[in-house]
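Me: Can you help me get my bearings in this protein chain? I'm new to this and would like to go through it piece by piece.

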Amino acid sequence: DLAAALRGRWAQLGELTVHTGDALRLDFCTLVHAPDRRIRVVGNLPYNISTPLLFHLLEQLHCIQDMHFMLQKEVVERMAAGAGEEAYGRLSVMIQYHCAVQPLFTIGRGAFRPPPRVESAFVRLVPHLRHPVRVTDEACFASVVREAFSHRRKTLRNALRSMLDEAAIRELGLDPGIRPERLGLEAFAALANAVSDQGFATRGG
């Protein structure tokens, strides 16, 4: 309904192109019309697709200048959380590896009709020109982070049992008995690089 209304309103000016479809399937890079340009992505993301859509966009950062989103406040807190904080998890690590995260402001329930049960927040994501840590295989890095947080209460030795043994973890200067949520980006990069060196990626991840 909104797409049709927008097309009608701007039809005479020719300043708006409306694409309708599933955002989770859209190749955002097709919206770039010059090789030296990148797009700016702005949206109010529904809670039920916010995380999948963020991961979808992370795969297309080479054509994105920046992103500004309104999300459930809890999601923004997860994106910006640091190691050891309660909200810290897979989303925190993956977003921060790819982007600088800047929560901008909170939007109260009273800004909406009808008022939702949760508060919202607006966040800016700017893709890094250079990643903050060195990762030799990004697919392996993503797999290690996903596996580490698949069972939050497990220790590192148990969470990554299928990827690295305890001795290999110790060789990296990490405590195998620590929980993954206490590890920063550098530690996850070191773990992923060690897994990659052992041929994990060539086995299909």
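Predicted model: local features only at pLDDT ≥ 70, side-chain atom pairs only at ≥ 80, totals over all residues.

Me: Is Ser143 buried or exposed?

Reply: Ser143 counts as buried because its relative accessible area is 8%, which is under the 20% cut-off used for that word. This serine sits in helix α5, which runs over residues 138-148, and the side chain of Ser143 makes a polar contact of 3.3 Å with the side chain of Arg146.

Me: And what happens at the start of α5?

Reply: There, a side-chain oxygen of Asp137 comes to within 3.0 Å of the backbone nitrogen of Ala139.

Me: Switching to rings, how many aromatic pairs are there?

Reply: The count comes to four aromatic pairs. One of them joins Tyr97 and Phe141, with 4.8 Å from centre to centre and 40° between the planes, and this pair is classed as tilted.

Me: Which parts of the chain does the pair of Tyr97 and Phe141 tie together?

Reply: Tyr97 belongs to helix α4, which spans residues 90-98, while Phe141 belongs to helix α5, so the pair links parts that lie 44 residues apart in sequence. Both Tyr97 and Phe141 are buried.

Me: What about Phe105 and Phe122, how are their rings arranged?

Reply: Their ring centres are 5.4 Å apart and their planes meet at 15°, so this pair counts as stacked, since planes under 30 degrees apart are given that name. Phe105 is in strand β3, residues 99-107, and Phe122 is in strand β4, residues 120-127, so this pair ties together parts 17 residues apart in sequence. As for cover, Phe105 is partly exposed, because its relative accessible area is 45%.

Me: Which residues form an aromatic cluster?

Reply: Tyr88, Phe149 and Phe188 form one aromatic cluster.

Me: Where is Thr155, and what does it touch?

Reply: Thr155 is found in the loop between α5 and α6. Leaving aside residues up to four places away in sequence, Thr155 touches Pro176, Gly177, Ile178, Arg179 and Pro180. Thr155 is also buried, given its relative accessible area of 17%.

Me: How much of the chain counts as buried, and what is its accessible surface?

Reply: Of its 205 residues, 40% count as buried. The accessible surface of the chain comes to about 12,200 Å², and carbon and sulfur atoms account for 49% of that surface.

Me: And the contacts between residues at least 6 apart in sequence, what share of them joins residues at least 24 apart?

Reply: Among those contacts, the share is 66%.

Notes: Residues numbered from 1 in each chain as written. Heavy atoms only, no water. Buried < 20%, exposed > 50% of the residue type's maximum accessible area, 1.4 Å probe, protein only. Contact = heavy atoms within 4.5 Å. Areas by Shrake-Rupley, 256 points an atom, 1.4 Å probe, with all protein chains shown as cover. Helix = DSSP H or I, 4+ residues; strand = E, 2+ residues; numbered from the N terminus. Polar contact = N/O pair within 3.5 Å; in protein donor to acceptor, adjacent residues only side chain to side chain. Phe/Tyr/Trp six-rings, centres within 6.5 Å; stacked < 30°, edge-to-face > 60°.
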